[in-house]
Amino acid sequence: MSTLPLAAHHVLPPRLLDVRGEFPGVPADWAYLDAAATSQKPRAVIEAINRAYAQDYATVHRGVYARSAHMTEAYEAAREAAAGFIGGAADEAVFVRGATEGINLVADTWGEQTIGEGDRILLSQLEHHSNIVPWRMLADRKGAEIDVAPLTADGRIDEAALTALIGPRTKLVAVAHVSNVLGGVADIRRIADAAHAKGALLLVDGCQAAPRVKVDVRALGADFYVWSGHKLYGPTGIGLLWARREILAAMPPWQGGGSMIDDVRFEKVTYAAAPQRFEAGTPHIVGAVGLHAAIRWVEDIGIEAIDAHERALLAITRAELGHLNSVRLFGPEDSAGILSFAVADVHPHDVATILDEGGVAIRAGHHCAQPLMRHLGVQATARASFSAHSSEADVARLVKGIERTMRIFG
Ligand SMILES: Cc1ncc(COP(=O)(O)O)c(C=O)c1O
């Protein structure tokens with residue numbers, strides 16, 4: 001293998017160079033390159049979660065004692081931080097389990113109210129199943145149609161073709177900000193303008209964008225933006241649905257139960273204002289606290305620095321793997337920190353197994369994007385994805401493992 005072009009390729013912000021030690025779950029000799037599936041957690045997040053359970057724990061919104069009032073403040077501060085992290089306001093932000101739940105919530109409330117027979121929902125060829133299945137289910141219930149925007153040759157959403165597909169019956173455009181398979185970053189502003197010009201709304205699946213690119217929902221022109229905390233160095237089971245204030249205010253309630261009501265009688269129920277109207281039951285209190293710690297951790301480094309770091313590692317990886325004849329690289333050259341590849345005739349599961357033997361964890365499979373796999377003409381890909389703690393040594397291990405795979409399979 002050729003020598004990795006170290007500092008010549010990029011200058012890493014000093015804060016990033018030493019964060020590996022902040023991840024107790026990532027030993028120095030293990031290359032965790034599956035951050036797009038879920039991120040490892042820095043100590044600051046683990047400690048915040050421990051503290052929340054061991055010292056500060058109580059319910060929120062109901063208790064009249066001081067501990068509960070403090071926990072409520074922490075929960076609401078987390079909402080403000082999570083909304084602010086993507087340029088939104090707290091009253092536009094609903095805590096959900098993750099992106100999947102956020103999209104289902106929109107489909108089952110706004111979609112249920114808005115989409116009728118013959119209406120159209122426009123997706124793209126590269127969507128994650130979370131941004132396909134809820135819309136297919138809604139379309140089946142309502143007699144609506146799904147349209148699919150094609151991709152460019154290098155695997156981005158073809159924005160011109162997408163624009164041409166927006167018709168008078170298109171009520172919603174729903175696309176990923178960053179592809180979980182190919183890493184391409186969509187021009188959301190352009191898509192938003194095209195959707196709005198025809199009276200459609202735009203939902204952005206920000207699951208892979210929030211952890212790695214700067215997001216400003218207002219500058220992007222999004223109407224809905226969803227993401228998952230566990231991909232942003234936070235705990236599982238917590239994520240955010242952001243929706244424009246007027247839209248959220250007009251959406252009917254989703255799940256019924258405690259906390260989401262104003263007045264309950266057997267004959268009639270009135271509901272709380274948004275966002276409480278969408279948070280039935282005891283919420284994931286400690287999840288929110290952990291997410292807040294994760295956001296602080298990311299903001300302390302700077303999301304732009306993480307993005308630059310991941311892109312630099314990706315460029316090195318592409319350059320290194322590009323030298324290997326039997327390796328096929330998918331996706332745009334300038335993608336955010338996610339790279340799918342195939343090794344000649346070796347099944348991606350075999351690639352991942354051999355890499356695992358060498359201390360490299362990658363994902364292999366269809367990545368919950370079967371329509372994209374069909375488009376690429378493969379059943380599965382191998383995928384390496386980077387995060388703040390990834391290093392050039394991780395890339396070197398990956399390349400070494402792929403070379404070993406090629407030797408084993410001749
Ligand atoms: C682009 C994209 N959308 C949605 C999801 C679903 O996220 P979650 O499983 O956290 O709800 C993922 C997770 O892999 C994703 O990568």
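Figure 1. For Q208, the distance from a polar side-chain atom to an oxygen atom of the ligand is 2.7 Å. The corresponding distance for H128 is 3.3 Å. On its own the ligand has 390 Å² of accessible area, and the protein covers 85% of this (Shrake-Rupley method, 1.4 Å probe).

**Figure 2. The nonpolar cores.** A nonpolar core joins buried Ala, Val, Leu, Ile, Met, Phe, Trp, Tyr and Cys residues through side-chain atoms within 4.5 Å, where buried means under 20% relative accessible area (1.4 Å probe, protein chains only). The largest core has 78 residues, and I86, F95, L162, V173, Y225 and W227 have the most contacts inside it. Helix 11 (residues 285-301) supplies the largest share of this core, 11 residues. A second, separate core has 28 residues, including A107, W110, W135 and A139.

**Figure 3. Surroundings of I86.** Beyond its neighbours within four places in sequence, I86 is in contact (heavy atoms within 4.5 Å) with V215, D216, V217, Y225, W227, L240 and W242.

Figure 4. The bond from A274 to P275 is cis, with omega near 5°. P275 is placed in the loop between strand 10 (269-271) and helix 11; helices (H or I, at least four residues) and strands (E, at least two) are DSSP runs numbered from the N terminus. A344, not a glycine, has a positive phi of about 35° and is in the loop between strand 12 (338-343) and helix 13 (348-357). H367, also other than glycine, has a positive phi near 55°. The loop holding H367 runs between strand 14 (363-365) and helix 14 (370-376). H367 counts as buried because its relative accessibility is 1%.

**Notes.** Residues are numbered from 1 along each chain as its sequence is written. Local features of the predicted model need pLDDT of at least 70 and side-chain atom pairs pLDDT 80 or more, while totals for chains, interfaces and linings use all residues, and side-chain values use heavy atoms, without hydrogens and water.

Technical notes. Buried means under 20% relative accessible area, exposed over 50%, partly exposed in between (1.4 Å probe, protein chains only). A polar contact is a pair of N or O atoms within 3.5 Å; within protein, one must be able to donate a hydrogen and the other to accept it, and residues adjacent in sequence count only if both atoms are side-chain atoms.
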